[in-house]
Amino acid sequence: MSSPASDRKAARDAAARAVRLRERLEHHARAYYVHDAPEIPDAEYDALFQELQAIEAEHPELVSADSPTQRVIGAVLEGLEPVRHAVPMLSIDTETDTSAAGAGKFDARIRKALGLGDDDPPVAYAAEMKFDGLAINLRYEGGALVQAATRGDGETGEDVTHTVRTIAAVPKRLKGIAAPVLEVRGEVFMRLDDFAALNERQRKLIEGGAKNEKVFVNPRNAAAGVVRQLDAANAAKRPLSFFAYGFGEVEGWTVPPTQTDLLDAFDKMGLPASPLHERVEGAAGLVAFHARIAVRREKLPYEIDGVVYKVDDRALQDRLGFKSREPRWAVAQKYPAQERTTRLNDIEIQVGRTGKLTPVAKLEPVFVGGTTVSNATLHNLFEVRRKGVRVGDTVIVRRAGDVIPEVVGRVAARRPTYVPNFRMPRECPVCGSRVAREKGGVDHRCTGGLFCAAQRKFAILHFAGRRALDIEGLGEKIVDQLVDAGVVASLPDLYALTKEQLEAFERMGDKSAASLVANLAASRKTTFARFLYGLGIRHVGETTAKDLARHFGGIERLRRADTARLLEVPDVGPIVAESIHDFFAEAHNQQVIDALLAAGFEWPESEGEADKSPKPLAGKTFVLTGTLPTLTREDAKEMIESLGGKVAGSVSTKTDYVVAGAEAGSKLQKAEALGVALLDEAGLLALLDGA
């Protein structure tokens, strides 16, 4: 039997793991959807996503509205105008079982949800291909194309009308349809022959000395890069294709009763619908379709990474409804990743922007999954050991998830001679700082986070973030320019910048340069918690930074603390304590902190939480919902926490107060149902003043 203490520890560990998973998923989704530069395979992202789903299912109190499981992750690229979708563009759930059983599992879920028994007839499905491209919403008004937008985060996408108009497959006017509004959703992609021709042109441009050009990793990234070009003329030189598969907002047009009829209607309008789609019945029909497409996959003129099953009858779709981020009536089933063998020529170390050291396999180039692969991730030391690969081996390379190639193993019989085991370096190959591995963890990391050149841009952007020092105007574009030009090598260099220096950079005029210098100067007056969070110490989020600030009161006591002292801080466990201790033990980090303090940083210090009497709101839990008249969520949260209160993300029987503003939603309804005390902004301020 578990004890209350072990249950509390398990709950804390689950909460900490959920936070780390959300951060990793947010980072990798941004790399994939926003920067078109994926860092991990689809399969690895899916595994992280499913782990987070499992934690949230076991601990419902950890579910928050901003969790990747509750929303579609994406962002608007700088330079493109945001477009608010009238009907959200949701993602589709992925069935990770690539065998015939995967289709059966989906059919069983549908039949159970519809209340069907063994004697009831099979469910009819529309079976389609899953294209590896970029989801697009086409808005037609009066039959004419007026706007094209990317999916973005599902609620808000990017206006890419200028580039989509260059796609020959997208009709500028629909045939026989003049409805006031018809939004058509589909996939923009690049054919394999067009992709090969594009990369050949790119190679010639690079060989000719052209700058800012690159060879694309795969057709999906090439298509996304073209669509999100700011220059339509440049996009027109890179041919794209389009297939339609769904709809968004509709006015003045009767949507066909089935998905199959919808695709047929699209064809009649001049919109190319998803090819090779079929109406099938039951699990057997889905399995047969999956097998038929698998046989044809290698010969298709475009890349697919699976198939999509949708309940065909729209009335049944309406009965089944939606989960938070995806429909219950549809699922994507992927195919097994494609594999090839080649020689492992070397293993090099890549230092990521967060300090993680990743072994990278340097391969004899091999064509796999539609592209030539010469590099593949080995993830970490333990994966290298598990796979048993060494330099000189013949290895198996897989396009995992059809995105990032990885080495999955070796051909043991082909090892030529004895080669020593691969070892991780003890010092960072970029900055020379000590390399450390967390106890119980698998990743090695550079401890010189504030000093390491590989982590420089990430450290600056994190430091300038809204929840840290909140330095407005210090965005990704200007940080890239400052670092690439060698003007800023570490955080303290920011505070030596002059207006004249900044004016020399792109998009930095007189006013914006003066504003950034002023904002940098203003950021010197902050709170200890914000400064601490801004340092980017691994595992130290906003809440932990506040706990550390309250407990130690000032930077000197914290930087001298050993792990035993750190473990006295509420909710700081061994892994977090070790991470903080390692950070301050690195001399390079201490030098950067000293230089920041010398640049004029200051905040109110205290003697530390241990010497203070309990705060008046200690033990009280608040939940914020809706929009308050004058206070931002962050302002209200800081005011509550400064008096010892806790701000939670969801309402439960343990909630003491719900602070509700305009457009409060389900949290207010749950609070009323549970009888939780309700406050408006005036009531909150009165409570805080009284406390």
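Author: With the cavities. By the rule used here, there is one cavity of 30 Å³ or more. The model is predicted, so local features need pLDDT of at least 70 and side-chain atom pairs count only at pLDDT 80 or more, while totals for chains, interfaces and linings use all residues. Residues are numbered from 1 along each chain as its sequence is written, and side-chain values use heavy atoms, with hydrogens and water left out.

Reader: What is a cavity?

Author: Rolling a probe the size of a water molecule over the atoms shows where empty space is left. A cavity is a set of points, on a 1 Å grid over the protein atoms alone, where a 1.4 Å probe fits but cannot get out. Grid points are joined across faces, edges and corners, and a volume is the space filled by probe spheres set on the points. Here the largest cavity has a volume of about 40 Å³.

Reader: Which residues line the largest cavity?

Author: A lining residue has an atom within 4 Å of a point. The lining includes Gly449, Leu450, Phe451, Cys452, Gln455 and Arg456. Also in the lining are Ala459, Ile460, Ala489, Ser490 and Leu491. Seven of the lining residues are nonpolar, three polar and one charged. In this scheme Ala, Val, Leu, Ile, Met, Phe, Trp, Tyr, Cys and Pro count as nonpolar, Asp, Glu, Lys and Arg as charged, and the others, Gly among them, as polar.

Reader: How many disulfides are there?

Author: A disulfide is a pair of cysteine sulfur atoms within 2.5 Å. By this rule there are zero.

Reader: Is Cys452 buried or exposed?

Author: Buried means under 20% relative accessible area, exposed over 50%, and partly exposed in between, with a 1.4 Å probe and protein chains only. Cys452 is buried, at 1%, and Cys431 is buried as well, at 15%.

Reader: How do I read a sheet?

Author: Strands (E, at least two residues) and helices (H or I, at least four) are DSSP runs, numbered from the N terminus. Two strands pair if DSSP finds at least two bridges between them. In this model four strands form an open sheet with antiparallel pairing, in the order E5-E4-E7-E8. E5 (144-150) and E8 (241-251) are at the edges with a single partner strand each, so one side of each has no neighbour in the sheet.

Reader: How many bridges join E7 to E8?

Author: Eight bridges join E7 (residues 181-189) to E8, and the two run antiparallel. One of the pairs sets Glu187 against Phe243 in E8.

Reader: What joins E4 to E5?

Author: Six bridges join E4 (residues 134-141) to E5, also antiparallel. Glu141 stands opposite Ala144 in E5. The hairpin of E4 and E5 has two residues between the strands, and Gly142 takes a positive phi near 60 degrees there. E5 is largely enclosed by the rest of the structure, because five of its seven residues are buried.

Reader: How many residues of E10 are buried?

Author: Eight of the eight residues of E10 (residues 304-311) are buried. E10 pairs with E3 (residues 124-131) in the antiparallel sense over seven bridges, with Ala127 opposite Tyr309 in E10. Five bridges join E10 to E11 (residues 330-334), again antiparallel, and the partner of Val307 in E11 is Gln333.

Reader: What should I make of a positive phi?

Author: Most residues other than glycine have a negative phi. Leu276 is not a glycine, yet has a positive phi of about 60 degrees. Leu276 lies in the loop between helix H8 (259-269) and strand E9 (278-281) and is partly exposed, at 27% relative accessibility.

Reader: Where is Asp571?

Author: Asp571 is in the loop between H19 and helix H20 (574-585). Asp571 has a positive phi of about 65 degrees without being a glycine, and counts as exposed at 59% relative accessibility.

Technical notes. On a 1 Å grid over the protein atoms alone, a cavity is a set of points where a 1.4 Å probe fits but cannot get out, and a pocket is an open set with protein on both sides within 12 Å along at least five of seven lines; lining residues have an atom within 4 Å of a point.
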